[in-house]
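I opened the notebook to log what I looked up in this entry.

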Amino acid sequence: MIEHVHKVQYYETDRMGVTHHSNYIRWMEEARVTFLDAIGWNYARLEQQGISSPVVSVQGDFKNTTTFDDAVVIKVWVKECSGVKLVVSYEMHNQATGQLVFTGTSSHCFLGQDGKIIRLQRSFPEFYQALQDQKA
């Protein structure tokens, strides 16, 4: 499990002073970038290998609010990796209080340079194994 910390910015809050719900999706992406860096497969390396991994679905549950200047610890891990589909899980906590604020998943497929779906086990076994090693 990899952790990423995001500090809530003023512009991310709404008129009520709480973080606007749309920002949690952005934080999922930030955490996913940190996750890929940590396992040695950052986006630059993926692109050099000709791999893209578009988001095909996102799910989230809001548990508690966050506000300006809160630090949010985002835990990231692989929930499922079939080699064609990747499901990443996220759990966000207020760093100061430990309170759970959000849980969610994002689902991804893998495409080659031609835009066709690739099977990681065959085409990129090292990347596939790195993802398998991060399953919780």
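The entries below go from the whole chain to its details.

**Entry 1, model and fold.** I noted that the model is predicted. I went through the secondary structure and found four helices and five strands in the protein chain. In sequence order I wrote the pattern down as β-α-α-β-β-β-β-α-α.

I looked up the extent of the C-alpha trace, which spans about 50 × 25 × 25 Å along its principal axes. I then compared the radius of gyration with the globule rule: a compact globule of 136 residues would come near 14 Å, and the protein chain has 16 Å, which agrees.

I looked up the buried share, and 46% of the 136 residues in the protein chain are buried. For contacts between residues at least 6 apart in sequence, I recorded that 65% join residues at least 24 apart.

I looked up the charges and noted 13 positive and 15 negative ones in the protein chain. Their mean positions lie 7 Å apart. Side chains of opposite charge can pair when their charged atoms come close. I therefore went on to the pairs, with a cut-off of 4 Å from nitrogen to carboxyl oxygen. The count comes to two salt bridges.

I looked at the salt bridge between the side chains of Lys7 and Asp69, where the N to O distance is 3.1 Å. The pair links distant parts of the chain, 62 residues apart. Lys7 belongs to strand E1 (residues 2-7), and Asp69 sits in the loop between strand E2 (55-62) and strand E3 (71-81). Lys7 has 46% relative accessibility, so I logged Lys7 as partly exposed. Asp69 has a relative accessible area of 43%, so Asp69 is partly exposed as well. I also checked the backbone of Asp69: phi is positive, about 80°, although Asp69 is not a glycine.

I looked at the salt bridge of Arg45 with Glu126, whose closest N and O atoms are 3.4 Å apart. Arg45 is in helix H2 (residues 43-48) and Glu126 in helix H4 (residues 125-132), so this pair ties together parts 81 residues apart in sequence. For Arg45 I recorded a relative accessible area of 26%, which means partly exposed. For Glu126 I recorded 53%; the limit for exposed is over 50%, so Glu126 counts as exposed.

Which residues of H4 are buried? I listed Phe127, Tyr128, Ala130, Leu131 and Gln132. I then asked what the buried residues of H4 pack against. The partners are H1, H2, E3, strand E4 (85-94) and helix H3 (120-123).

Where is Tyr11 found? I placed Tyr11 in the loop between E1 and helix H1 (23-38). Is Tyr11 buried or exposed? At 67% relative accessibility, Tyr11 counts as exposed. Last, I checked the separation of Tyr11 and Pro54: 43 residues in sequence and 27 Å in space, C-alpha to C-alpha.

Key
Residues are numbered from 1 along each chain as its sequence is written. This is a predicted model: local features need pLDDT of at least 70, side-chain atom pairs count only at pLDDT 80 or more; totals for chains, interfaces and linings use all residues. Side-chain values use heavy atoms; hydrogens and water are left out. Helices (H or I, at least four residues) and strands (E, at least two) are DSSP runs, numbered from the N terminus. Buried means under 20% relative accessible area, exposed over 50%, partly exposed in between (1.4 Å probe, protein chains only). The radius of gyration is taken over C-alpha atoms; the globule rule is 2.2 Å times the number of residues to the power 0.38. Contact means heavy atoms within 4.5 Å. Lys and Arg count as positive and Asp and Glu as negative; His and the chain ends are not counted. The place of a charge is taken as NZ of Lys, CZ of Arg, CG of Asp or CD of Glu.
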